[in-house]
Structures are given as structure tokens and as C-alpha cells.
Amino acid sequence: MNFYTQELLKGQRALVTGGSSGIGAAVCRALAKVGAKVVVNYVSDAVGADQLVNEIEAEGGTAIAIQADVSIEDDVKRMFSEMIDAWGSIDILVANAGIQWDAPFHEMTLEQWNKVLAVNLTGQFLCAREAVNEFNRRGVISDISCAAGKIICMSSVHDIVPWAGHVNYATSKGGLLMFMKSLAQEVAHNRIRVNGISPGAIKTPINRHAWETHEAEAELLTLIPYQRVGDPMDIGHAAVWLASDASDYMTGTTLYIDGGMTLYPGFREGG
Ligand code: NAD
């Protein structure tokens with residue numbers, strides 16, 4: 001399905017972290033389809049990133065792959081320099097990279113705690129800071145967009161839904177919610193928009209065990225009133241809208257794209 005015109009993001013330059021798989025790859029495809037040039041960031045999956053670049057280019061789009069670990073400051077600075085050298089600036093940051101490293105709380109190691117916070121939260125800070133500096137340097141180019149820049153933080157329903165066994169992950173996403181709102185408040189007067197997307201259960205490598213067997217998927221569906229597991233392109237379409245001037249008056253807000261997962265489905269019968 002194509003909901004948008006091919007010109008919607010024409011001339012805009014986007015960077016998608018963790019872009020070589022899952023939701024990030026869908027966001028790259030969706031942005032490229034409507035005319036944005038896309039940096040596919042990857043940390044180790046060079047083959048996947050190159051394949052996606054080739055696929056986008058075969059369909060007439062423009063993309064490059066750039067390696068960087070979003071939790072390492074020097075990597076992030078280099079990635080932004082490479083992008084700006086290649087295309088002059090950045091208009092859209094989709095800070096999507098994220099990991100889970102689950103453990104019962106009493107067994108969680110400091111390494112598990114630190115790693116998840118480093119990628120899911122510090123990675124957002126490092127990438128957003130580079131983007132904000134570039135947006136501020138350049139200002140609004142009205143031919144391209146009403147805004148000087150747009151940042152989309154890929155969060156999770158677990159920024160508001162507690163998650164036993166995943167305390168590090170839920171903490172990182174809960175922190176990201178307040179990061180996104182505080183940053184949005186700070187930079188709005190410079191015409192920079194910052195919003196979040198909080199997916200529910202989307203079929204990607206991060207949660208394969210939760211949907212790959214019939215039994216697991218049936219169990220998962222008890223949490224989803226809309227009765228289907230999400231597709232990465234459900235998020236891709238929303239990212240296009242948030243990146244476009246169609247959402248120009250929106251900042252500091254989160255789109256929960258979850259088939260109703262945050263509607264307390266247990267209360268339908270049990271309340
Ligand atoms: P995924 O595992 O396919 O994607 C995560 C991506 O981040 C991968 O490409 C991975 O290589 C990359 N990454 C990991 N560490 C990195 C690092 N240090 N630097 C750069 N990239 C790194 O899974 P996904 O489901 O597509 O996850 C994407 C985002 O969506 C994550 O932030 C995740 O928390 C969020 N999310 C996913 C779901 C879901 O149901 N799939 C639900 C809610 C939120």
C-alpha cells in the first residue's frame with residue numbers, strides 16, 4: 001500500500017539508526033519511497049545494510065550505509081560528518097537503534113543494565129545532539145520543510161507499560177519518553193520537532209520468540225485487542241507522516257502504534 005505521494009519528502013536527508021533490520025529497515029524503505037535520501041546506519045550487519053541500499057537504489061531511491069555504534073560518541077560524530085560530507089546536511093533523524101538483554105531482576109548484571117541503557121538511551125542523546133547542532137546551524141530551508149529538522153525517537157509501549165523481566169529495557173524506554181519531551185520543549189523555538197513512536201508488538205528479529213510459533217503468537221494476541229501482530233511497515237508509514245510537514249504542528253508527542261496494547265485489554269472482560 002502506498003499512502004503518500006512520491007514527492008512528500010523530496011530533497012530531505014534522513015538518517016535511520018539501526019536501519020538494516022526490522023522496524024529501521026521498514027522506515028528506510030518508507031522514507032525512500034516518498035523521495036527522502038536515506039542513511040542506513042548499522043553497527044555490525046554490513047551485508048544487510050548494503051542489501052537494503054541496493055534495494056532502495058533499484059527502486060530509484062538514494063541511500064548509503066554508514067557503520068557506527070550509537071553508544072560510542074566518536075562513532076556518532078563520524079557518522080554525522082560522513083553524512084554531511086555526502087549530502088550537505090540532515091533534515092530527519094530516526095533514532096531507532098535499540099536492544100533487549102533480558103534477565104530476572106535479581107540476576108541482572110551491571111553489564112546488562114549498562115549496555116541496554118547505553119544503546120537505548122545514551123545512543124538517543126548522542127545522535128539527537130549531533131542532529132540538533134546541525135539543524136541549528138542550518139535553520140529552516142522553506143523549499144525543503146517548514147521545520148529546521150525533525151527527530152523521531154523509537155520508543156516502545158514499555159515507556160508506559162511496566163515489564164517484569166525486562167527492567168533495564170523498560171527503564172531505558174521510560175527515560176526516553178521524558179528525554180523526548182524535554183528536548184522537544186527546549187528546541188521547539190528553533191523550529192525543531194521531536195516526537196516519539198511507541199510500537200507495540202511488531203514482527204522483527206528483536207522479539208522473534210514471541211511470534212514465531214503458532215502457540216507463541218496466540219499468547220501474544222491476548223495482549224492485542226486489534227488481533228494481529230504488527231508489521232514493520234505499520235511503523236514506517238507513521239514515521240513518514242511524522243517526518244513530513246503534514247505533522248508540522250506536532251511536537252513532544254508520542255504515537256502509540258500497538259493495535260490497542262496500551263488499552264489495558266484485560267479490562268475488556270475482567271474489569
Ligand atoms: P531489530 O533488532 O531488528 O532492530 C534493532 C536494530 O538496532 C538492529 O539493526 C541492530 O543492529 C541495531 N543496533 C543495536 N545496537 C546498536 C548500536 N549500538 N548501534 C547502532 N545500531 C544498533 O529490532 P526492531 O524491533 O526493529 O527494533 C527497532 C526499535 O524498535 C528498537 O528501539 C526497539 O526497542 C523498538 N521496538 C520494537 C518493538 C517490536 O515489537 N519489534 C516494539 C517496541 C519497540
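In α1, the buried residues are G22, I23, G24, A25, A26, V27, C28, A30, L31 and A32. That makes ten of the twelve residues of the helix, so α1 is largely enclosed by the rest of the structure. The model is a predicted one.

- α1 covers residues 22-33.
- At 1.5 Å a residue, its twelve residues should span 16 Å. The C-alpha atoms at its ends are 17 Å apart, which agrees with that expectation.
- G35 follows α1 and has a positive phi, near 100°.
- The side chain of S20 makes a polar contact of 3.2 Å with the side chain of D45.

**Ligand site**

- There are 28 residues around the ligand. Those that come nearest are S21, I23, D69, Y169 and T204.
- One of these, I23, is also among the buried residues of α1.
- By class, the shell holds 14 nonpolar, twelve polar and two charged residues.
- At V70, a backbone N or O atom lies 3.0 Å from a nitrogen atom of the ligand.
- At N96, a polar backbone atom is 2.8 Å from an oxygen atom of the ligand.
- At I202, a polar backbone atom is likewise 2.8 Å from an oxygen atom of the ligand.
- On its own, the ligand has 800 Å² of accessible area, and the protein covers 91% of that.

**Aromatic pairs**

- Two aromatic pairs turn up in a search of the whole structure.
- W163 and Y169 form a pair with ring centres 5.7 Å apart and planes at 70°. The planes are over 60 degrees apart, so the pair is edge-to-face.
- W163 is partly exposed, at 27% relative accessible area. Y169 has 9% relative accessibility and counts as buried.
- Y169 is also one of the residues that come nearest to the ligand.
- Y264 and F267 make an edge-to-face pair, 6.2 Å centre to centre with 80° between the planes.
- Y264 counts as exposed at 62% relative accessibility, because the cut-off for exposed is over 50%. F267 is exposed too, with a relative accessible area of 61%.

- Most residues other than glycine have a negative phi.
- Y264 has a positive phi, near 50°, and is a residue other than glycine. Its place is in the loop between β7 (254-257) and α8 (267-270).
- Q227 also has a positive phi in a residue other than glycine, near 65°.
- Q227 belongs to the loop between α6 (214-221) and α7 (232-243).
- The relative accessible area of Q227 is 49%; this lies between the 20% and 50% cut-offs, so Q227 is partly exposed.

**Further positions**

- R78 is part of helix α3 (residues 73-87).
- R78 has 30% relative accessibility and counts as partly exposed.
- R78 and Q112 are 34 residues apart along the chain, and their C-alpha atoms are separated by 26 Å.
- A148 lies in the loop between α4 (110-138) and β5 (149-154).
- A148 is buried, with a relative accessible area of 1%.
- A148 and I235 are 87 residues apart along the chain, with 23 Å between their C-alpha atoms.

Methods:
Residues numbered from 1 in each chain as written. Heavy atoms only, no water. Near = heavy atom within 4 Å. Polar contact = N/O pair within 3.5 Å; in protein donor to acceptor, adjacent residues only side chain to side chain. Areas by Shrake-Rupley, 256 points an atom, 1.4 Å probe, with all protein chains shown as cover. Helix = DSSP H or I, 4+ residues; strand = E, 2+ residues; numbered from the N terminus. Nonpolar A, V, L, I, M, F, W, Y, C, P; charged D, E, K, R; others polar. Expected span 1.5 Å × (residues − 1). Buried < 20%, exposed > 50% of the residue type's maximum accessible area, 1.4 Å probe, protein only. Phe/Tyr/Trp six-rings, centres within 6.5 Å; stacked < 30°, edge-to-face > 60°.
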